[in-house]
Amino acid sequence: MAKMKASLKEKIEKGMDGRTQTHILGKLKDKGVFMSDSQFSRKKLGREKFKPEELEVLSEILNTDLNK
């Protein structure tokens, strides 16, 4: 059976590895990427798009490639 491609939301949630969204937002802020809790939620759910630089920093924080 073919393996299905994980959605961005699934990749983010797996990469969070038990860390809270507030913790992740704090790490983003430390690296110069600012967004509110609601903005992050909308982007994670696909209602808004992440900017390429946001995905790059988030990938680094979560230790996963979110660009694939």
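Tutor: The model is predicted, and local features need pLDDT of at least 70, side-chain atom pairs count only at pLDDT 80 or more, while totals for chains, interfaces and linings use all residues. Residues are numbered from 1 along each chain as its sequence is written, and side-chain values use heavy atoms, with hydrogens and water left out.

N63 sits in the segment after α4. Helices here are DSSP runs of H or I with at least four residues, strands are runs of E with at least two, and both are numbered from the N terminus. Most residues other than glycine have a negative phi. N63 is not a glycine, yet its phi is positive, about 55 degrees. A second residue of this kind is D17, also not a glycine, with a positive phi of about 45 degrees. D17 belongs to the loop between α1 (8-16) and α2, and its relative accessibility of 66% is why D17 counts as exposed.

The buried residues of α4 are E54, L55, V57, L58, S59, I61 and L62. These buried residues pack against α1, α2 and α3, where contact means heavy atoms within 4.5 Å.

Take α2 as one of these partners. Two packed helices are described by the angle between their axes and the distance between the axes. Helix α2 (residues 21-30) and helix α4 (residues 52-62) have axes 10 Å apart, at an angle of about 120 degrees. An axis is a line fitted to C-alpha atoms, for helices over the stretch in contact, and angles between N-to-C directions run from 0 to 180 degrees. The angle therefore makes α2 oblique to α4; under 35 degrees counts as roughly parallel, over 145 as roughly antiparallel, 65 to 115 as roughly perpendicular, and the rest as oblique. From α2, the residues I24, K27 and L28 make the contact, and from α4, V57, L58, I61 and L62. By class, six of the contact residues are nonpolar, none is polar and one is charged. Nonpolar covers Ala, Val, Leu, Ile, Met, Phe, Trp, Tyr, Cys and Pro, charged covers Asp, Glu, Lys and Arg, and the others, Gly among them, are polar. K27 has 35% relative accessibility and so counts as partly exposed.

Helix α2 also packs with α3: their axes come within 10 Å and cross at roughly 100 degrees. That angle is why α2 is roughly perpendicular to α3. Here Q21, I24, L25 and L28 of α2 meet D37, F40, S41 and K44 of α3, and the residues of this contact divide into four nonpolar, two polar and two charged.

Helix α3 (residues 37-44) also holds K43. Its relative accessibility is 7%, so K43 counts as buried. The side chain of K43 makes a polar contact of 2.8 Å with the side chain of E54. A polar contact is a pair of N or O atoms within 3.5 Å; within protein, one must be able to donate a hydrogen and the other to accept it, and residues adjacent in sequence count only if both atoms are side-chain atoms. Neighbours within four places in sequence aside, K43 is in contact with M35, E48, K49, F50 and E54. E54 brings us back to α4, where E54 is among the buried residues.

Methods: Buried < 20%, exposed > 50% of the residue type's maximum accessible area, 1.4 Å probe, protein only.
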